[in-house]
Amino acid sequence: MNNRLFGRAFTYAGLSLIAFISVFPFYWMIVGATNTSADVTIGKLTFGSALGDNIQHFFSLFDVPRVLLNTTFVAVVGTALTLVVCSMAGYAFEIYRTKFSDRLFALFLVMLSIPFSALMIPLFIMISRAGLINTFAGVLLPGIASIFIIFYFRQATKAFPHELRDAARIDGLKEWQIFLYIYLPVMRSTYAAATIIVFMSSWNNYLWPLIVLQSNDNKVITLIVSSMRSGYNPQQGSIMVATIIATLPTLVIFFLLQRRFVEGLVGSVK
Amino acid sequence: MEDVGFAAISRRANEWLVVPGAAVVLIFVFLVFPILWSLWMSFQVGRGMNFAFGGFANIVRLTQDPVFQRALGNTIVFFVIQVPIMLTLAALMAVALNDPTLRFRGLFRTAIFLPCVTSLVAYSALFKSMFADAGLVNNVLLSMQLISEPIYWIRDPFWAKVLIITAITWRWTGYNMIFYLAALQNIDRSIYEAARIDGVPGWAQFLYITIPMLKPVILFTSVTSTIGTLQLFDEVVNITEGGPADATLTLSLYIYNLTFRFMPNFGYAATVSYVIVVAVAILSLIQFYVARDRRTQ
């Protein structure tokens with residue numbers, strides 16, 4: 001019995017330590033935003049009074065509203081396009097199955113593990129020849145059709161009741177009407193989960209925007225945070241302010257939709 | 001009769017051209033074509049846009065390029081050390097959290113999952129400042145007398161690697177834990193009941209019941225983590241910039257440097273990128289082979 005009690009204590013201690021380490025950098029980020037650059041560098045852990053200065057400095061370095069508008073635009077439009085294109089494809093690959101479509105889908109699944117690094121050179125040349133360097137279209141286009149999200153919708157469509165579709169067909173609904181008026185409302189929660197996944201990865205994307213967006217007017221938040229680290233004397237407090245702004249939207253989404261968030265993540269591999 | 005034929009054709013067209021059409025076209029343009037073009041490029045030599053067929057010249061160059069070999073070595077070190085540490089931690093945490101008698105489960109789970117909401121660039125900035133020479137982590141370690149002088153996390157080739165591994169583990173362990181947790185919740189509790197009645201000790205239950213039941217998730221998480229680690233880019237750029245002296249240079253960062261930093265050499269960069277493609281393919285195959293279901297042989 002004593003042994004079990006010890007084991008219990010060990011579990012709680014271990015989990016508490018891991019939970020503390022997981023959450024601590026968030027505290028560090030908030031405290032850092034209120035401290036001067038020098039204080040951040042020496043690891044000051046208490047709140048300071050430099051928050052105003054840090055915010056002011058950050059806003060003087062960049063056109064912050066513009067940056068946020070750019071990031072929001074890329075994330076929202078990218079998410080919307082991805083959801084429309086991929087949910088339609090996932091639906092079709094499941095509902096209108098043929099030998100050919102199954103083979104095509106199997107080919108796509110094999111390509112799921114192709115690393116982006118192997119695509120970025122040809123994609124860069126394609127996008128620059130199309131004159132889309134420095135445009136949001138250039139950032140968005142290669143990411144719209146995501147095999148992962150198509151797969152996600154295809155898996156979810158397996159649970160879509162066939163009787164509903166058959167009944168709709170008998171009632172004379174056209175295929176696009178079935179998709180729009182029956183499938184879409186039934187699959188609401190699948191769409192919600194996919195929205196979270198796609199929006200987050202789009203908001204947090206770094207490498208591809210780094211390649212495509214080169215002028216200062218078009219920069220997104222990850223590029224701004226990244227660019228602040230270099231230079232002769234990086235202002236650590238302002239970097240913390242920038243980091244908070246970059247993290248806040250996804251943090252809010254997480255806390256508002258926590259259950260759906262985790263379900264979406266896990267559901268994608270079932 | 002003709003009408004029916006037309007309707008059938010139109011439905012077929014709907015099914016095959018209109019609905020998944022956009023996605024299929026986009027995948028061929030932005031995935032199938034580039035990956036084939038990249039393969040073609042890897043046999044081309046020349047700088048900028050002037051290509052000439054070079055046969056295996058780029059592959060020969062790989063064998064003579066010390067920077068490539070260092071990047072490959074670093075990448076291997078990262079995934080050979082980091083992936084097992086992270087997946088073991090994730091599995092242990094999931095087992096601990098799956099105990100229904102544990103209190104504050106929701107709180108622990110939320111806290112441990114929280115790092116996943118940060119963008120890679122943002123958490124890299126946080127880690128860079130926490131691990132500064134005179135920074136927080138060194139202060140804490142010094143005051144606990146675990147070290148006698150500060151560790152130069154970012155400037156020392158060895159500790160820079162440790163820092164990158166620590167950072168990735170912080171960001172991704174909770175993410176992987178969620179998958180293990182979901183899989184554990186699908187295991188029928190009566191199996192454990194039966195094992196306990198038969199007197200099977202806890203560690204044996206974990207080894208002979210839990211691990212085999214988790215096999216598909218172990219496979220999934222190791223494949224995705226391997227792919228992720230082989231593509232490591234955001235963290236090394238934003239924490240160490242691949243330094244010091246290329247100690248944290250990864251293959252992805254080297255490809256980026258070859259393409260966008262140095263005088264562009266698309267052919268050679270494409271060859272390096274195919275090293276990642278081949279590595280991902282081989283490692284995925286090995287993992288599928290190791291995790292295959294032996295009963296069906």
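**Terms and their grounds**

Mentor: Chain A has 15 helices and 0 strands. The model is a predicted one. For chain B, the count is 13 helices and 2 strands.

Trainee: Which domains does the assignment give for chain B?

Mentor: The assignment gives domain 1 (2–41) and domain 2 (66–120 + 152–296). The C-alpha centres of these two domains of chain B lie 35 Å apart.

Trainee: Why is α11(A) called roughly antiparallel to α14(A)?

Mentor: Helix α11 (residues 188–204) of chain A and helix α14 (residues 236–256) of chain A pack at an angle of about 165 degrees, with their axes 10 Å apart. Angles over 145 degrees count as roughly antiparallel, so α11(A) is roughly antiparallel to α14(A). The crossing in which α11(A) passes α14(A) is left-handed.

Trainee: Which residues make that contact between α11(A) and α14(A)?

Mentor: From α11(A) come Ile196(A), Met200(A), Trp203(A) and Asn204(A), and from α14(A) come Pro249(A), Thr250(A) and Ile253(A). By class, the contact of α11(A) with α14(A) has 5 nonpolar, 2 polar and no charged residues.

Trainee: What makes α10(B) roughly antiparallel to α13(B)?

Mentor: The axes of helix α10 (residues 202–230) of chain B and helix α13 (residues 266–290) of chain B come within 10 Å and cross at roughly 165 degrees. The cut-off is again an angle over 145 degrees, and therefore α10(B) is roughly antiparallel to α13(B). Here α10(B) passes α13(B) in a right-handed crossing.

Trainee: Which residues of α10(B) and α13(B) meet?

Mentor: Leu219(B), Ser222(B), Val223(B), Thr226(B), Ile227(B) and Leu230(B) in α10(B) meet Ile276(B), Ala279(B), Val280(B), Leu283(B), Ser284(B), Gln287(B) and Phe288(B) in α13(B). The residues of this contact of α10(B) with α13(B) divide into 9 nonpolar, 4 polar and no charged.

Trainee: At what angle do the axes of α2(B) and α13(B) cross?

Mentor: The axes of helix α2 (residues 21–41) of chain B and α13(B) cross at roughly 115 degrees and come within 8 Å. The crossing of α2(B) and α13(B) is left-handed. In α2(B), Ser38(B), Leu39(B) and Met41(B) meet residues of α13(B), namely Phe266(B), Gly267(B), Ala270(B), Ser273(B) and Tyr274(B). The contact of α2(B) with α13(B) divides into 5 nonpolar, 3 polar and no charged residues.

Trainee: How many residues does each chain give to the contact between chain A and chain B?

Mentor: Chain A gives 64 residues and chain B gives 66 residues. On the side of chain A that touches chain B, the largest share, 11 residues, comes from helix α1 (residues 2–33) of chain A.

Trainee: How does the side of chain A that touches chain B divide by class?

Mentor: That side of chain A has 47 nonpolar, 15 polar and 2 charged residues.

Technical notes
Residues are numbered from 1 along each chain as its sequence is written. Chains are lettered from A and ligands numbered from 1 in the order in which they are written. This is a predicted model: local features need pLDDT of at least 70, side-chain atom pairs count only at pLDDT 80 or more; totals for chains, interfaces and linings use all residues. Axes are lines fitted to C-alpha atoms, for helices over the stretch in contact, and angles run from 0 to 180 degrees between N-to-C directions. Helices (H or I, at least four residues) and strands (E, at least two) are DSSP runs, numbered from the N terminus. Angles under 35 degrees count as roughly parallel, over 145 as roughly antiparallel, 65 to 115 as roughly perpendicular and the rest as oblique. A crossing is left-handed if the near helix is turned anticlockwise from the far one by less than a right angle, and right-handed if clockwise. Two residues are in contact if their C-beta atoms, placed from the backbone, lie within 7 Å. Ala, Val, Leu, Ile, Met, Phe, Trp, Tyr, Cys and Pro count as nonpolar, Asp, Glu, Lys and Arg as charged, and the others, Gly among them, as polar. Domain bounds come from an automatic or database domain assignment.
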